[in-house]
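User: Hi! Could you walk me through this one? I'd like to start with how the strands pair up.

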Amino acid sequence: MQDIVRPDLFAIADRAMERYGFIPGFPDSVIRHVHAIREDISPEDAVDLRHLLWSSIDNFDSMDLDQIGYCKKGPDGTIHVLVAIADVDHYVVQSSPVDRHAAKHGTSIYTGIVTYPMLPDRLSADISSLLPEKDRMAVVIEYTVLPDGTTRSGGVYRAVVRNKAKLIYEEIGDWLLGIAPPPEPVRSNPDLMEQLLLQHEAAERMKENRAEQGVLDLETIEATPVMKDGMVVGLFVSEDNPAHSLIEEFMIAANRTVVAFLAERSSSVIQRIVRTPRNWEGIVSEAAARHMKLPKQPDAKALAKFLLAQKRSNPESFPDLSLTIVKLIGPGEYIAVGPNEESVGHFALAVTDYTHGTAPNRRYVDLIIQRLAKAILKKSPAPYTFDELNGLAEHLSATEKASKKVERFMRKVAAAVLLQDRIGEIFEGLVTGAADKGTYVRIIDPPVEGRVMMNEGGLKIGRKVRVRLLKTDPENGFIDFERI
């Protein structure tokens, strides 16, 4: 039997980056500039909030921590929320070498094989990261969660903070679900336990309120490679849990609060939007194929109700339906919005006046939003003209689209590598695509999608099928099956 040639995954990732317009590493000028940056804290022009019981929830291996949270009970059943965002602008000066590089890339890119950070590790994983037990500069966003789950915007201001606990999504999520004991940092600190339960209560209120407004419950499968000694040894699919929901709800409310803060002060802004679906007819057809009727005009609440019913009745095929709906709705994008200009809104989140401003270590648009807010706090001129914001919005929409292509391609590469030595095996799967361009199947274990190259005639989306693995091509991310 011929030995299997294992590809150089890191070289493939670098080539993918270059193919889609990115630079795999940092230029020497950026590295020199970053090493010359002096770590400093300026508490004299910020509120000292280091005494609060701040905590973060993120992936187990994340070091680029952008936000930490804290809650306290208010009058009449309200919950007062503070979200502290890493003050990346404190170190990344506008138009500096590192800023120009970050603006070009627009985002950190997570391939699962290798991470390409937007900012060098000395910044994003060190001095501008809200790491535990470190004094850090931050921009704090306050809002109040009312008993009905609506929110009331509060203040935005600079502060010095200190993360008291770095927590992990899966551990906190399993505890909140009641299927695992609290992790050690929570178990040994009753105050932290009480704090997290209060945060969970606030998040559940906001989540329920947004569900009533028509938020779309979409669930796509994105399998992340599990690496060991430079090799793919498995694929991990992250499942939503209460910890993910907690952070998502806190960040949505924080982002909306920042937009309100800027709007009240007549500032232009870059908003994150998802337009009302142009291909609503396609969505109506998908519902009709499942014996559900949707209105002729776009209706987020009706679509949300349809998706919830499908998730309950067909959980196995729901991720594939979700992906179809996502494509029919269309991608998110960034647009510049002037003072007093009406927002397009975010169809999938069922909110208006929304932005991305809570992850400035990872996304450049968030750094822009931070600079706009800080300019108001300092009573300085706006750091960008409207035309500049408009150009940046278009550019960052394009770089986000390109970054997703890199990430999707590398997931296909990892899947092809994982199946290299399983040629001829038979798998159970679901048909995920059936059109002139090809028929595609997602096998269940491991969660991998490939093209059916033989005997594909008559297959329809959603049908269960057995397939034999014919061939893999890791260099191109191809996986070929035969229907049996």
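Analyst: Happy to! Asp58 has Ile168 as its bridge partner in S8. Keep in mind that this is a predicted model, where local features need pLDDT of at least 70, side-chain atom pairs count only at pLDDT 80 or more, and totals for chains, interfaces and linings use all residues. Residues are numbered from 1 along each chain as its sequence is written, and side-chain values use heavy atoms, with hydrogens and water left out.

User: How many bridges join S2 to S8?

Analyst: Four, and the two strands run parallel. Strands pair if DSSP finds at least two bridges between them; strands (E, at least two residues) and helices (H or I, at least four) are DSSP runs, numbered from the N terminus.

User: Which residues of S2 are buried on each side?

Analyst: Trp54, Ser56 and Asp58 on one side, Ser55 and Ile57 on the other. Buried means under 20% relative accessible area, exposed over 50%, partly exposed in between (1.4 Å probe, protein chains only).

User: Why two sets?

Analyst: In a regular strand the side chains alternate between the two faces of the sheet.

User: New topic: which residues make the nonpolar surface patch?

Analyst: Val226, Val233 and Phe236, covering about 240 Å² by the Shrake-Rupley method with a 1.4 Å probe.

Definitions and conventions: Patches are made of residues with over 30% relative accessible area and no salt bridge: like charges are joined within 9 Å, nonpolar side chains (Val, Leu, Ile, Met, Phe, Trp, Tyr) within 5 Å. A salt bridge is a side-chain nitrogen of Lys or Arg within 4 Å of a carboxyl oxygen of Asp or Glu.
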